[in-house]
Amino acid sequence: GIVANKAKLMSKTISDIKSMYEMLPAFLQHGVKVWNKQSIELSNGSFIIGDIMGDSSMRGFTLDALYVDEFSWAKESNIQGFMDSVFPIISANKHNQLIITTTPNGEDAFHKLWRDSELKLNDFARIKITWDRIPGRDRDWYEDEVRRMGSKYCLKNHDVAFLGTGDKTLLKPDTLTNLIKKIPINNDYLHDGVKLYKEYNPDNVYLVTTDTSKTLGNTTEIDNDYICVKVLEFTPTKIEEVLTYRTNEIHYKEIAQIVYDIGESFDFPLCVIENNEGSGTFTANHLQDVLEYPNMYFDPNKDGMEVGIRTTSKNRPVGLTTLEKLISRDILQINDADTIREFFTFIKIGKKYQAQLGSTDDCIMSLVVGIFVLLDENNDLEITIDDYLDGNVLLQSKNDDQDLDFIGKIGKEDEDTSWLHN
């Protein structure tokens with residue numbers, strides 16, 4: 001079967017198949033019974049039929065192979081209906097084949113299929129055809145296209161990048177396309193769903209940061225509200241996300257123990273909790289008073305008397321501005337697929353950056369909670385944002401009390417970030 005988002009594109013694809021068939025040697029060709037714009041049927045019983053993407057596409061047909069073109073550019077309602085009706089039929093037989101091609105269109109259903117394939121959550125094999133794989137196109141051609149059409153157009157259409165929604169994303173398109181997820185070395189580290197990307201190294205400095213759910217119900221499952229715990233690793237040249245735990249399926253009273261276990265496995269580094277009213281306050285106090293976590297962060301704006309820190313309308317924009325700067329300058333390395341996915345739909349709505357409708361931002365906000373610590377010049381890490389931006393990071397080794405060597409200037413030169421406040 002051939003399915004496309006428009007009738008003209010479907011007919012064009014069938015026309016191309018006809019041309020290829022006509023070029024076959026005579027001994028490979030069979031008699032033709034049907035030969036029109038929407039279908040081909042041969043004398044040996046094989047056939048090709050075309051259709052438009054929708055919830056009734058190919059209904060009633062038994063298919064050995066299905067080709068779908070420009071998947072991302074069909075109407076969203078047609079895509080979902082098509083997937084619900086066709087995907088189970090194709091997947092029912094392991095010998096059936098489903099081939100999907102499209103120009104990327106942000107974080108849509110195709111983007112999810114692609115990302116899930118990277119994480120080995122489905123059986124799709126990925127093929128990316130970028131501009132430099134087309135004969136006759138060189139760097140001069142690409143630079144002319146950038147000048148003519150703009151970098152955003154070229155990133156989407158020539159570099160086939162999954163860009164965010166327009167110019168509204170917190171991260172610029174070229175930064176988004178450079179985010180590369182890593183496969184966890186352990187998907188169930190200590191607890192189910194805790195993704196570990198890098199083993200603990202006693203020579204490095206770590207920070208545990210947590211964005212808790214807003215609920216005090218039996219579980220955290222309210223809409224798209226998730227708990228997110230991260231561990232950040234600090235070296236003289238980079239900050240790296242080395243662990244992520246994201247869930248909305250546990251009781252809020254379980255959060256503290258999971259955070260404690262994660263912190264213990266990294267030798268109890270400084271731990272900061274976003275202590276919003278409800279589960280945040282409970283988690284922070286439980287870690288401090290009941291589990292007696294030995295290295296909790298206290299809010300300097302509360303005279304050091306309140307465990308954790310609260311996100312406010314005043315510190316949130318500063319945290320996001322700093323986060324954008326660290327990522328765009330290649331200082332902060334993001335490894336987690338869920339976190340990368342959130343950046344594609346973290347957009348400016350009115351005067352505030354937040355997740356677009358139906359998406360989440362808990363992974364991003366857990367990073368911002370960690371940023372708050374680095375913005376505190378008197379934090380117990382003895383590392384600040386300015387140290388990384390200025391290239392003056394000097395870390396203390398836990399093993400031998402000797403300073404680690406400073407390695408050169410960090411990141412890129414200063415960039416204009418005034419656009420964040422427009």
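**Salt bridges, and the places around them**

The count of salt bridges comes to 14, where a salt bridge is a side-chain nitrogen of Lys or Arg within 4 Å of a carboxyl oxygen of Asp or Glu. The model is a predicted one, in which local features need pLDDT of at least 70 and side-chain atom pairs count only at pLDDT 80 or more, while totals for chains, interfaces and linings use all residues. Residues are numbered from 1 along each chain as its sequence is written, and side-chain values use heavy atoms, with hydrogens and water left out.

One of the salt bridges joins Lys33 to Glu41, with 3.9 Å between the closest N and O atoms. Lys33 is exposed because its relative accessible area is 58%, whereas Glu41, at 27%, counts as partly exposed; buried means under 20%, exposed over 50% and partly exposed in between, with a 1.4 Å probe and protein chains only.

A second salt bridge is made by the side chains of Arg341 and Asp116, again at 3.9 Å from N to O. This pair links distant parts of the chain, since Arg341 sits in helix H10 (residues 337–343) and Asp116 in helix H3, 225 residues apart; helices (H or I, at least four residues) and strands (E, at least two) are DSSP runs, numbered from the N terminus. Arg341 counts as buried because its relative accessible area is 18%, and Asp116 counts as buried because its value is 10%.

Asp338 and Lys195 form another salt bridge, with the closest N and O atoms 3.1 Å apart. Asp338 belongs to helix H10 and Lys195 to strand S7, so this pair ties together parts that are 143 residues apart in sequence. Both Asp338 and Lys195 are buried.

On a 1 Å grid over the protein atoms alone, a pocket is an open set of points with protein on both sides within 12 Å along at least five of seven lines, a cavity is a set where a 1.4 Å probe fits but cannot get out, and lining residues have an atom within 4 Å of a point. Grid points are joined across faces, edges and corners, and a volume is the space filled by probe spheres set on the points. The largest pocket is lined by 29 residues, and Leu98, Ile99, Ile100, Phe124 and Ala125 are the ones nearest its centre. Two or more lining residues come from each of helix H2 (76–91), strand S6 (97–101) and helix H3 (109–118), and S6 gives the largest share, five residues. Sorted by class, this lining has 15 nonpolar, nine polar and five charged residues; Ala, Val, Leu, Ile, Met, Phe, Trp, Tyr, Cys and Pro count as nonpolar, Asp, Glu, Lys and Arg as charged, and the others, Gly among them, as polar.

The structure also holds two cavities of 30 Å³ or more. The largest cavity, with a volume of about 50 Å³, is lined by Ser57, Met58, Phe61, Leu63, Val86, Ile89 and Ile90, and this lining has six nonpolar residues, one polar residue and no charged residues. The second largest cavity contains about 30 Å³ of space; its lining consists of Leu232, Ile239, Leu326, Leu332, Leu367, Ile371 and Leu374, which divide into seven nonpolar, no polar and no charged residues. Helix H11 (residues 362–375) gives the most to that lining, with three residues.

Two details of the backbone remain. Most residues other than glycine have a negative phi. Phe268, however, has a positive phi of about 50° although it is not a glycine; Phe268 lies in the loop between helix H7 (255–265) and strand S11 (270–274), and it is partly exposed because its relative accessible area is 22%. Glu292 likewise has a positive phi, near 55°, and is placed in the loop between helix H8 (279–290) and helix H9 (315–328), where it counts as exposed at 58% relative accessibility.
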